[in-house]
Amino acid sequence: MFSRCRPAASVLALCVLLLAACEREERAYRGEPVGEVKPGAIVQGTLYAGEPSPPPPQRREYEGNAYHISEGKRLFEWFNCSGCHAHGGGDIGPPLMDDTWIYGGELENIAATIVEGRPNGMPSFRSKIPDQQVWQLAAYVRSMQRAVRKDVAPGRDDHMSASPGEQSQPVQEAKPGGGTPPSSQGTGQ
Amino acid sequence: MSKLQCCLLALLAVAYNILACAFPALAQDPAPPAKAIPAPAASPPDDGNWSMPAKNYASTRFSELDEINAGNVRDLQVSFTFSTGVVRGHEAAPLVVNGTMYVVTPYPNHLHALDLTKPGAPTKWTFEPKPAASAQGVACCDYVNRGPAFADGKIFITTLDAHTIAIDAETGQEVWRTKLGDINKGESMTMAPLVVKGKVLVGNSGGEFGVRGWVTALDAATGKIVWRAYSTGPDKDVLIGPDYQPFYDKEKGKDLGVSTWPPNAWEIGGGTMWGWISYDPELDLIYHGTGNPGPWNPEQRPGDNKWTGGIFARNPDTGQARWFYQVVPHDLYDYDGINELILVDLPWNGETRKALIRPERNGYLYVIDRRTGEVLAADPYFPVNSTSGVDLKTGQIQYNEDKHPRMGKVVRDICPTAPGAKDWNPSAFSPRTGIVYIPHNNLCMDWESVEANYIAGTPYVGANVKMYAGPGGHRGAFTAWDPVQRKKAWEIKEDLPLWSGALATAGDLVFYGTLDGWFKAVHAQTGELLWRFKTGSGIIGQPISYRGPDGRQYIAVLSGVGGWAGAIVAGDLDPHDASAAKGFVNAVSDLPRRTTKGGMLYVFALPSRS
Amino acid sequence: MRGFGDSRRPQGAWPPHPGPLPGGEREGPLTLTLSPGGRGTWVAALPLPLLTACSGPQSMLDPAGTQAGHIGTMWWILFATCAAVYGIVMLWLLWALARRHRWVEPRGVLPVEEGRDRGLTFWLSVWVGGTVVILCGLVTASYAVDKSLTHLANREELAVEVEGMQWWWRIRYPDDDPSRSIATANEIHLPAGAPVRLKLKAQDVIHSLWIPNLHGKMDLIPGRENELFLVAEREGTYRGQCAEFCGLQHAHMALTVVVESPEDFNAWKEAQLAPAPEPASDEQKRGKAVFLSSACSMCHGIRGTTASASVAPDLTHLASRPTIAAGTLPYNRGNLAAWIADPQRIKPGNHMPLVGVPPPDLQALVAYLDSLK
């Protein structure tokens with residue numbers, strides 16, 4: 001009796017295994033209810049006052065989701081992020097594919113940078129980019145330095161292959177505060 | 001230039017005119033000179049100062065000092081140095097006026113005055129304009145500044161956040177400050193002003209941000225705007241009126257700045273003026289170029305896109321246009337038309353023509369009649385394949401259909417690249433040899449047009465670009481061009497792209513610097529390398545020569561890599577992304593191993609005899 | 001002729017919202033008349049709903065243009081041939097069924113009948129030969145129709161660029177005088193009788209344009225330009241649809257085609273050339289400020305304002321269009337407000353995000369957008 005069921009059970013188990021991959025594709029189109037969460041926590045480095053706060057839930061929701069990251073990649077072009085940061089190598093703004101993060105390289109730091117802007121040329125997109133898209137952009141930026149899982153990082157670009165694609169980048173850990181803010185280069189500033 | 005000299009010059013010019021009218025035979029040279037000479041009224045005798053980045057209104061960048069010459073240049077040594085405290089791209093020319101040297105840095109645009117009369121040239125004063133830090137986000141290609149200008153006891157500078165400031169040259173106190181643009185729209189300023197007849201001429205940068213380009217004249221005494229001429233829009237904004245007499249039919253018509261654009265696209269159409277202006281006192285015309293149309297993606301702006309990518313001749317008092325020639329109608333490759341314009345009189349088919357010489361981004365060296373705007377010659381000084389030539393009858397450039405950018409397609413091997421066969425870095429002209437010395441790139445590129453989305457204050461480009469070494473495998477070249485013979489006299493192949501200006505001296509020397517920090521002196525006749533010195537950082541500045549208070553000749557240059565070419569070092573860009581710095585990173589991915597950031601003034605002289 | 005104003009509004013001509021399409025005013029060639037109460041009425045009426053597709057704004061059997069006419073003819077040839085063959089086969093089948101009763105042998109091998117077998121061979125040969133002839137005929141007809149379609153494509157009075165996006169249509173009318181070129185979205189206006197060249201492009205994925213009343217399908221492929229020549233003869237409002245699966249909202253990627261008299265077309269073009277009108281009321285002024293300061297201006301452009309973004313439909317004359325969201329909803333203030341309030345509910349997965357405009361701002365924003373006639 002038991003032995004007759006075994007092939008069926010194996011097939012069932014395999015099917016369940018296949019379902020495990022669905023999470024990376026789960027598509028949430030509407031994001032957070034309006035005005036609930038603003039990426040406000042500005043954590044700039046390893047040294048900050050008080051107890052360290054736990055990572056926000058968005059990390060798991062956005063960094064582990066291929067749909068959000070691919071939407072972030074589309075928005076990175078649409079909102080001209082690529083105009084200043086190129087395809088991760090940098091231009092007017094600093095590169096995003098290396099491990100140097102002037103204002104912190106965690107998801108919530110990047111989201112805060114997009115929303116608040118930074119004093120040396122990064123404009124603030126507050127009220128210009130809805131929250132969900134901010135998180136999507138931040139998750140994509142994280143994928144540029146391969147700080148996300150390989151199976152959710154975008155593959156090779158459809159456009160001119162300027163870089164090998166986020167999936168093929170070596171995994172890097174963000175080093176917060178590793179860079180020199182350009183303003184400190186001027187004397188007397 | 002002192003007031004006295006100005007008056008003398010004007011008198012001379014008037015006298016010459018009267019004589020010419022009275023005795024026509026005098027005005028016609030019986031035998032035109034065998035080689036080109038600088039426009040006489042625009043190139044007064046050298047007084048040993050260097051009061052504007054181009055040396056004189058004719059923009060020759062030629063020093064008549066000959067103490068340092070081909071025979072003794074091998075002994076040239078450092079006289080003193082000065083650290084600017086900023087480690088971004090130093091594109092500026094230092095100025096020297098009556099024993100004081102003025103150095104302007106990249107953002108934050110500090111102006112240093114160095115006292116040359118004392119040993120080691122100590123700082124007299126430093127002026128800090130404190131431009132808005134956010135302006136760094138709207139400077140397309142590093143936060144450079146191309147130099148100050150001196151006139152009437154004042155130094156004039158532009159700041160990155162689109163202000164023009166007058167500073168008392170003696171005390172370092174601010175005299176006036178005028179805000180001319182809005183950084184939230186992407187407007188910035190990087191150019192060196194030019195002072196003509198008591199007016200400070202400046203223009204805006206931001207052709208990669210969808211700004212509307214303009215050139216403005218400010219009253220040198222008060223800073224009030226006298227006139228402003230836009231590069232796009234209706235004729236009244238462009239200052240095209242009854243005086244406007246272009247040579248070619250294609251430049252004629254009403255409100256072409258509107259009708260050659262899709263509806264309303266001219267409002268964000270670029271045509272910025274961030275390069276060089278020349279002035280001919282005799283014809284009383286200023287000459288300036290207009291930058292690339294925006295966005296780079298040409299499919300988003302069908303039409304000729306007037307008045308971008310061309311050359312204007314204007315009346316300096318009113319700004320009214322006299323003529324215009326569009327070098328690149330409907331620009332396809334970011335061929336900004338802002339390069340230097342060298343005013344020369346040269347023999348042409350048996351007569352003397354008043355001309356201007358323009359080594360253009362698109363790879364052609366244009367010789368244009370500066371009275372009428374007629375193109376006399378347009379010869380390639382670089383292996384061009386994006387265009388097949390210039391029709392001298394119509395003035396029309398012939399685009400090569402194979403290299404036409406298309407949306408969603410990668411067009412490969414386009415030469416020259418977006419920064420052009422030659423970018424902003426100015427050439428020099430020596431009247432002793434009649435040769436133009438052109439420091440330039442030897443690069444080609446792959447281009448893919450993509451949709452550009454206009455969001456005010458963010459880039460508006462719409463192209464993925466990847467550059468690499470051009471034919472021959474070298475990335476730069478220093479070309480000596482004879483405009484009369486219409487051919488190369490000699491050429492030096494440089495491994496790295498050349499992003500520094502050139503300087504010619506009466507000692508038959510030509511100076512230029514390289515991206516990896518070598519400062520070189522070569523023979524003006526042969527191009528033979530006579531002397532070189534390794535500075536601390538890559539050189540993208542403009543060398544100058546002056547007579548010090550001690551009567552000796554000095555050569556000065558700023559070292560500090562950056563600009564579009566050196567952005568990979570100045571901005572710590574990542575070479576893994578070939579499209580970084582609009583594709584320039586791919587061409588110079590080895591640069592971080594060959595030089596580091598810096599910001600240092602080097603001044604050279606022969607060993608003192610005492 | 002229907003007036004300009006009438007033809008734009010979906011007043012019963014066709015509801016843009018997906019649903020059963022009504023028959024339309026004009027009777028299609030296949031409309032049947034059945035006497036009510038007669039025997040077999042109910043049986044005959046069963047396929048009737050299928051026939052509603054034979055005419056109306058999205059039917060290739062109701063050609064409104066020269067090319068569609070050729071394709072329609074071809075369709076009828078194919079239909080008639082197949083129907084005839086089907087009928088013959090059915091008749092023979094019935095005949096065979098009826099005939100079986102007469103000569104069933106109880107058991108054993110079928111007897112060989114010389115004459116009968118020869119007859120069978122003969123008729124089989126005729127049948128095969130007939131099939132070959134019919135197929136050849138159809139190939140020839142199809143070739144002839146294709147050829148006539150390409151022969152029609154030698155004249156062009158108007159060029160229209162159609163760009164497929166996920167999931168809407170960008171429409172541009174280039175002009176020799178670039179300042180007279182216009183851009184709109186999800187609607188094509190065509191002058192009746194003029195040969196038109198549609199230049200078909202795409203940036204993201206492959207789409208396909210199908211306006212059944214005017215022409216067949218043609219793909220829009222990233223990186224290349226396809227073209228479709230057509231002449232729209234009959235004035236009216238038609239519906240086009242993306243016919244190549246292009247992602248989640250492929251089904252909601254439709255466009256309106258308005259064929260109108262040359263005078264009406266020119267009037268429409270002149271109206272489209274004008275920049276957006278200045279807001280008249282205080283509410284509209286506030287709506288404009290909301291538009292410019294919120295996420296709207298990151299993607300949409302309104303000519304005459306500082307909003308010049310272009311990755312989403314140009315809204316300069318939004319209120320003059322018959323539909324919003326690429327044919328998903330008819331245009332009216334209520335639908336517009338619902339769309340802005342939650343686009344992901346109406347068209348899940350589309351690229352317009354949940355912006356979260358507070359209700360008072362939303363009212364003002366809709367008032368402003370509704371003024372963009």
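Me: Where in chain B does Arg61(B) lie?
Reply: This is a predicted model. In it, Arg61(B) belongs to the loop between strand S1 (37-38) and strand S2 (62-63) of chain B. Its phi is positive, about 50°, although Arg61(B) is not a glycine.

Me: Is Arg61(B) buried or exposed?
Reply: Arg61(B) is buried, with 30 other C-beta atoms within 10 Å.

Me: And what is phi of Asn98(B) near?
Reply: Phi of Asn98(B) is near 45°, again a positive value in a residue other than glycine. Asn98(B) sits in the loop between strand S4 (95-97) and strand S5 (100-104) of chain B.

Me: Why does Asn98(B) count as partly exposed?
Reply: Asn98(B) has 15 C-beta neighbours inside 10 Å. A residue is buried at 20 or more and exposed at 12 or fewer, so a count in between is classed as partly exposed.

Me: Cis peptides next. Which residue does a cis peptide bond join to Pro295(B)?
Reply: Gly294(B) is joined to Pro295(B) by a cis peptide bond, with omega about -5°. Pro295(B) lies in the loop between strand S17 (285-289) and strand S18 (310-314) of chain B.

Me: What about Trp307(B), which residue is joined to it by a cis peptide bond?
Reply: Lys306(B) is, and omega for that bond is about 5°. Trp307(B) is also found in the loop between S17 and S18 of chain B.

Me: Let us step back. How many helices and strands does chain B have?
Reply: Chain B has 7 helices and 39 strands. Its radius of gyration is 22 Å, close to the 25 Å that the globule rule gives for 610 residues, so chain B is as compact as a globular protein of that length. The C-alpha trace spans about 70 × 65 × 50 Å along its principal axes.

Me: What share of chain B is buried?
Reply: Buried residues account for 64% of the 610 residues in chain B. Of the contacts in chain B with a separation of 6 or more, 63% are between residues 24 or more positions apart.

Me: Pick one sheet. What is the strand order in the open sheet of 4 strands?
Reply: The order is S12-S13-S14-S15 in chain B, and the pairing is antiparallel. Strand S12 (194-196) and strand S15 (225-230) stand at the edges with a single partner strand each, so one side of each has no neighbour in the sheet. From one strand to the next, the twist averages 25°.

Me: How many bridges join S13 to S14?
Reply: Strand S13 (residues 199-203) and strand S14 (residues 214-219) of chain B are joined by 5 bridges. Within that pairing, Val200(B) stands opposite Leu218(B) in S14(B).

Me: How many residues of helix H5 of chain B are buried?
Reply: In helix H5 (residues 563-570) of chain B, 8 of its 8 residues are buried. Among them are Trp564(B), Ile568(B) and Val569(B). What covers the buried residues includes helix H6 (584-587) and helix H7 (591-594) of chain B. Just after H5(B), Asp572(B) takes a positive phi of about 50°.

Me: Now the interfaces. How many residues does each side of the contact take from chain A and chain B?
Reply: The contact takes 32 residues from chain A and 38 residues from chain B. On the side of chain A that touches chain B, there are 14 nonpolar, 16 polar and 2 charged residues.

Me: And between chain B and chain C?
Reply: There, 18 residues of chain B are in contact with 18 residues of chain C. The side of chain B that touches chain C has 10 nonpolar, 6 polar and 2 charged residues.

Me: Which domains is chain C divided into?
Reply: Chain C is divided into domain 1 (66-98 + 118-152), domain 2 (158-267) and domain 3 (282-370). The centres of domain 1 and domain 2 of chain C, taken over C-alpha atoms, are separated by 34 Å. Between these two, 5 residues of domain 1 are in contact with 8 residues of domain 2. Helix H4 (residues 66-100) of chain C gives the most to the domain 1 side, with 4 residues.

Me: What share of chain C is buried?
Reply: In chain C, 36% of the 373 residues are buried. The secondary structure of chain C comes to 11 helices and 12 strands.

Key:
Residues numbered from 1 in each chain as written. Chains lettered and ligands numbered in written order. Predicted model: local features only at pLDDT ≥ 70, side-chain atom pairs only at ≥ 80, totals over all residues. Contact = placed C-beta atoms within 7 Å. Nonpolar A, V, L, I, M, F, W, Y, C, P; charged D, E, K, R; others polar. Pairing = 2+ DSSP bridges. Helix = DSSP H or I, 4+ residues; strand = E, 2+ residues; numbered from the N terminus. Axes fitted to C-alpha atoms, helices over the stretch in contact; angles between N-to-C directions. Rg over C-alpha atoms; globule rule 2.2 N^0.38 Å. Domains from an automatic or database assignment.
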